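Visitor: Please take one part of this model and examine it closely, then follow the side-chain contacts in the rest of the chain. I would like the criteria stated as you go.

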Amino acid sequence: MRMGPGTWGMLLALATIWAGTFFAVEVALRDVGPFTLVLGRTTMGALVLWGIVLLTATPRPQGLADWRDLAVMGFLNNALPFSLIFWGQTWITGGVASILNAMTPIFAVAVAHVLTRDERASPSKLAGMALGVGGVAVLMGPAAVKGLGAGLPGQVAVLCAALSYSFAGVFGRRLRRMPALVAAAGMLTASSIMMLPVALLVDGVPQAAPSTDTLIAWVFLGTACTALAYILYFRILAVAGATNLLLVTMLIPPGAIALGAIFLGEPLDARILGGFGLILCGLLAVDGRVLELLRGRQPA
C-alpha cells in the first residue's frame, strides 16, 4: 500500500514521539522496576484514552469477541514487548535498544508473507531481511556469538520484542472494525490487567517515592508515548497496512541515539553505527521506494 503526505506526516510524528521513549525509560529505570514501569505506562495511557472516549461518546467494544481481540493485541503490542524492552534496557543503552527494535519491519516481512495475502515478500524485501540480520550481527559483535557479550540478554530481549511487534502489526488489522481511539484504549486496558500481577510478583511494591525526573519520564511515557502514539498507530495501520506502519522504527533510532548521547553520555562507536547502517539499508530495501526511484532515473 502507498502512503500519501498526510500518512507520512503521522508516521513522522509517531517516530518523533517514540524516539523519546527509550530515553525516558532509561531515566525512569533509575527508581522503578521495569515491569512496574510498564504497568504505569499502560494504565496511564488507558485512563487518558478512556477519558477521551467518554467525552466524545465514541462507540465502545461490543461483546466477548471484541475484548478477546483487544486482549491478544494488548499482549502482542504492549505487555510482552514493553516488558522485554524495558527489562532489556537494564542491560543495554536506549540507543542500542532502538536500533535492535528497528528489526520490527524486517521481521514483519516474514510474518506478513506467511499470514496475509496482500503483503507478500518480494526479492527486495528478502534482501532487506538479509541486510537487517547482518546489521544485528554487527551490532551484537563477536562476543555475542561466543555467548560472552555482557549485554547479550538485553539484546535478545529487544529482538524478541521486535518479533512480537511484527505479529501485532498483522493481527491489529482485525481491529479496523473499531474506532482507533477505542482500540487503543481497550488494548492498553487489557495490557494493564496482565501486567498487574507480573509487576507485583517480580518488582514488588515500591518502597520509596520516585524522583521528580522519574515521575516526569513516567508521565511522558503514559501520555505522549502511549495515549497519543497509539491513536496515530491505529490510524496509520488502517490506511497504510502493517508493513508500512512498522517503517516507523526506521525513523526512531537517530533520535533515540542523539538523546542518549547528549543527555546520558552514552557511547557511540563504529560498531553501533555500522550495525544501524546495515539495518537502515535493509529497511530501505523492504520499503522499496528508493529502489524504484533509482530504477526510474536509469536510462531506457
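Guide: Helix H1 has a kink of about 25 degrees, centred on Phe-22. The bend at a residue is taken as the angle between two fitted axes, one through the seven residues ending there and one through the seven starting there. H1 covers residues 5-28, 24 residues in total, and spans 35 Å from its first C-alpha to its last, close to the 34 Å expected at 1.5 Å a residue. That expectation is 1.5 Å times one less than the number of residues. Helices here are DSSP runs of H or I with at least four residues, strands are runs of E with at least two, and both are numbered from the N terminus.

The model is predicted, so local features need pLDDT of at least 70 and side-chain atom pairs count only at pLDDT 80 or more, whereas totals for chains, interfaces and linings use all residues. Residues are numbered from 1 along each chain as its sequence is written, and side-chain values use heavy atoms, with hydrogens and water left out.

Turning to the rings, the structure contains seven aromatic pairs. One of them joins Trp-87 and Trp-91, a tilted pair with 5.8 Å from centre to centre and 55 degrees between the planes. Rings of Phe, Tyr and Trp (its six-membered ring) pair when their centres lie within 6.5 Å; planes under 30 degrees apart count as stacked, over 60 as edge-to-face, and the rest as tilted. Trp-87 is partly exposed at 31% relative accessibility, and Trp-91 is likewise partly exposed, at 43%. The rings of Tyr-230 and Tyr-233 have centres 5.3 Å apart and planes at 70 degrees, so this pair is edge-to-face. Both tyrosines belong to helix H9 (residues 212-240), where three residues, about one turn of the helix, separate Tyr-230 from Tyr-233. Both are buried, a class defined by under 20% relative accessible area, with exposed over 50% and partly exposed in between (1.4 Å probe, protein chains only). Ring pairs also bring Trp-18 into a cluster with Tyr-230 and Tyr-233.

A charge meets a ring as well: the charged end of Arg-41 sits over Phe-82, 3.9 Å from the ring centre. The criterion is NZ of Lys or CZ of Arg within 6 Å of the ring centre and within 35 degrees of the ring normal.

Side chains of opposite charge can pair when their charged atoms come close. The whole structure has three salt bridges, each a side-chain nitrogen of Lys or Arg within 4 Å of a carboxyl oxygen of Asp or Glu. Arg-177 meets Asp-66 at 2.9 Å, N to O. Arg-177 lies in the loop between helix H7 (152-171) and helix H8 (180-203), and Asp-66 in helix H3 (residues 63-88), 111 residues apart. Arg-177 is partly exposed at 44%, whereas Asp-66 is buried at 11%. Arg-68 and Asp-69 form a salt bridge with their closest N and O atoms 3.2 Å apart. Asp-69 also meets Arg-177, at 2.8 Å, N to O. Asp-69 is in H3 and Arg-177 in the loop between H7 and H8, so this contact ties together parts 108 residues apart in sequence.
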